[in-house]
Amino acid sequence: KPKNASYRFYNKRTGQEHHEAIHRCQVIDNEFECENCFGDGDYRITTELLRCGDVENNFGSAKLDFSGVQAVADDCHIDAECNFGELKLLVPRRFLVQLSPETACGSVQTQGQPEETVDGTITMHCEVNFGSIVICYI
């Protein structure tokens with residue numbers, strides 16, 4: 001970033017203010033939390049049983065790969081938010097993603113199809129403002 005530029009970002013969950021790039025993703029107790037701000041990030045989610053997760057992308061491009069997830073809980077849900085960028089979620093075809101999108105000058109798209117008989121369902125709430133979320137079945 002330019003020397004005299006000042007970026008301000010407030011994480012709505014924690015209320016913390018950030019002034020620089022953030023690239024982090026962690027899985028604890030079958031739940032994940034990823035945050036990507038001001039840049040590009042590639043992350044892989046690895047767990048035996050995914051229960052839930054939160055991902056937020058702001059002013060950048062992020063990709064989450066769920067191929068390391070062995071199974072999903074019956075009530076598995078993910079909150080995905082993208083502001084001024086692109087968030088790409090790579091989901092194995094053995095899981096079905098049920099979308100609940102909210103968009104403001106943005107889009108939520110799906111590429112590909114799940115298998116006819118799936119091993120589990122992920123309910124995903126997507127919030128997009130001036131960007132896009134793309135669900136890619138792999």
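Student: In which strand is Phe38 found?
Tutor: This is a predicted model, and in it Phe38 lies in strand β4.

Student: What makes the phi of Phe38 worth a remark?
Tutor: Its phi is positive, about 60°, although Phe38 is not a glycine. Most residues other than glycine have a negative phi.

Student: How do you know whether Cys105 is buried or exposed?
Tutor: Exposed requires over 50% relative accessible area. Cys105 has 61%, so Cys105 is exposed.

Student: Why is Phe32 called buried?
Tutor: The cut-off for buried is under 20%. Phe32 has 3% relative accessibility and therefore counts as buried. Phe32 is in strand β4.

Student: With which residues is Phe32 in contact, leaving aside neighbours within four places in sequence?
Tutor: Phe32 contacts Gln26, Val27, Ile45, Leu50, Cys52, Gly53, Asp54, Val55, Leu64, Phe66 and Ile78. As for Thr47, which is 15 residues from Phe32 along the chain, the two C-alpha atoms are separated by 9.2 Å.

Student: Which members of the largest nonpolar core touch the most other members?
Tutor: Leu64 and Phe66 do, in a core of 27 residues. At least two residues each come from β4 (31-83), β5 (86-91), β6 (95-104), β8 (120-129) and β9 (132-137). The largest share, 15 residues, is supplied by β4.

Student: What is in contact with Phe66, leaving aside its neighbours within four places in sequence?
Tutor: Phe66 is in contact with Phe32, Ile45, Leu50, Ile78, Leu89, Leu90, Val91 and Pro92.

Student: Where is Leu96, in a strand or in a loop?
Tutor: Leu96 belongs to strand β6.

Student: Why is Leu96 called partly exposed?
Tutor: Partly exposed covers what lies between the 20% limit for buried and the 50% limit for exposed. Leu96 has a relative accessible area of 27%, so Leu96 is partly exposed.

Student: What does Leu96 contact, leaving aside its neighbours within four places in sequence?
Tutor: Leu96 is in contact with Pro114, Val118, Gly120, Thr121, Ile122 and Tyr137. Val118 is 22 residues from Leu96 along the chain, and their C-alpha atoms are separated by 6.3 Å.

Student: Which residues make the nonpolar surface patch?
Tutor: Phe59, Phe84 and Phe130 make a patch of about 310 Å². Phe84 is in the loop between β4 and β5.

Student: What share of the contacts with a separation of 6 or more joins residues 24 or more positions apart?
Tutor: That share is 57%.

Student: What is the average pLDDT of the protein?
Tutor: The average is 89, and 86% of the residues score at least 70. Over residues 1-8 the pLDDT is below 50, and this stretch has 11 contacts in the model beyond near neighbours in sequence. Where pLDDT is low, the predicted coordinates should not be read in detail.

Notes
Residues numbered from 1 in each chain as written. Predicted model: local features only at pLDDT ≥ 70, side-chain atom pairs only at ≥ 80, totals over all residues. Heavy atoms only, no water. Core = buried A, V, L, I, M, F, W, Y, C linked by side-chain atoms within 4.5 Å. Buried < 20%, exposed > 50% of the residue type's maximum accessible area, 1.4 Å probe, protein only. Helix = DSSP H or I, 4+ residues; strand = E, 2+ residues; numbered from the N terminus. Contact = heavy atoms within 4.5 Å. Patch = residues over 30% accessible without salt bridge, like charges linked within 9 Å, V, L, I, M, F, W, Y side chains within 5 Å. Areas by Shrake-Rupley, 256 points an atom, 1.4 Å probe, with all protein chains shown as cover. Salt bridge = Lys/Arg side-chain N within 4 Å of Asp/Glu carboxyl O. pLDDT = per-residue confidence, 0-100.
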